[in-house]
Amino acid sequence: MHPSQSELLKLKNLGLASVNILHSIGIRSHEDLRRIGPVEAFISIRNRGINASRVMLYALQGALLDVHWNDLDPDLKQRLASEADRLLATQSSD
């Protein structure tokens, strides 16, 4: 196991499959995820053709907050989803 995998695997909500997906978009550490942010990471995942659901978006946010994705505040989930939907819609209209 690569050291960066073990760092990301220590974060809540992230398993090996999620970590491999994050590696595929260039996120190799907690700091990378923090810097890029959950919405941009989610958009990058979707842009690679990976059919990630909103649960992935919430899981990324939860990983940063050290909270299970299901325990995130519903208003935060709605804000994340709205931002991601807005960015995805903007991309599809380009």
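# A tour from L88 through the helices

Select L88 first: leaving out residues up to four places away in sequence, L88 touches F42, I43 and R46. The model on screen is predicted. L88 belongs to helix α6, which covers residues 74-93. Is L88 buried or exposed? Its relative accessible area is 19%, and buried means under 20%, so L88 counts as buried. L88 and F42 are 46 residues apart along the chain, and their C-alpha atoms are separated by 10.0 Å.

**Stop 1: α4 against α6**

Select residues 38-47, which form α4, and keep α6 shown. Two packed helices are described by the angle between their axes and the distance between the axes. For α4 and α6, the axes come within 10 Å and cross at roughly 45°. That angle makes α4 oblique to α6. The crossing of α4 past α6 is right-handed. To see the contact, show the side chains of P38, V39, E40, F42, I43, R46 and N47 on α4, and of L80, E83, A84, L87, L88 and Q91 on α6. Sorted by class, this contact of α4 with α6 has eight nonpolar, two polar and three charged residues.

**Stop 2: the buried side of α4**

Stay on α4 and colour P38, V39, A41, F42, I43 and I45, which are its buried residues. What covers them? The cover includes α2, α3 (30-36), α5 and α6. Then move to G49, which follows α4 and has a positive phi, near 90°.

**Stop 3: α5 against α6**

Next select residues 54-65, helix α5, together with α6. The axes of α5 and α6 come within 10 Å and cross at roughly 125°. This makes α5 oblique to α6. The crossing of α5 and α6 is right-handed. From α5, the contact uses R54, L57, Y58, Q61 and L65; from α6 it uses L76, K77, L80, A81, A84 and D85. By class, the contact of α5 with α6 has seven nonpolar, one polar and three charged residues.

**Stop 4: the nonpolar core**

Which residues touch the most other members of the largest nonpolar core? Select L22, F42, I45 and L60: of the 27 residues in this core, these four touch the most other members. The helices α2 (16-24), α4, α5 and α6 each supply at least two residues of the core. Its largest share, six residues, comes from α6. Now centre the view on L60. Not counting residues up to four places away in sequence, L60 touches L14, L22, L33, P38, A41, F42 and I45.

**Stop 5: α2 and the loop after it**

Select α2 and show S18, V19, I21, L22 and H23, the buried residues of this helix. Just after α2 comes G26, with a positive phi of about 90°. Go on to S29, in the loop between α2 and α3. Is S29 buried or exposed? With a relative accessible area of 15%, S29 is buried. Which residues does S29 contact? Show E7 and L8: S29 is in contact with both, leaving aside its neighbours within four places in sequence.

Conventions
Residues numbered from 1 in each chain as written. Predicted model: local features only at pLDDT ≥ 70, side-chain atom pairs only at ≥ 80, totals over all residues. Heavy atoms only, no water. Axes fitted to C-alpha atoms, helices over the stretch in contact; angles between N-to-C directions. Helix = DSSP H or I, 4+ residues; strand = E, 2+ residues; numbered from the N terminus. Parallel < 35°, antiparallel > 145°, perpendicular 65-115°, else oblique. Left-handed = near helix turned anticlockwise from the far one by under 90°. Contact = heavy atoms within 4.5 Å. Nonpolar A, V, L, I, M, F, W, Y, C, P; charged D, E, K, R; others polar. Core = buried A, V, L, I, M, F, W, Y, C linked by side-chain atoms within 4.5 Å. Buried < 20%, exposed > 50% of the residue type's maximum accessible area, 1.4 Å probe, protein only.
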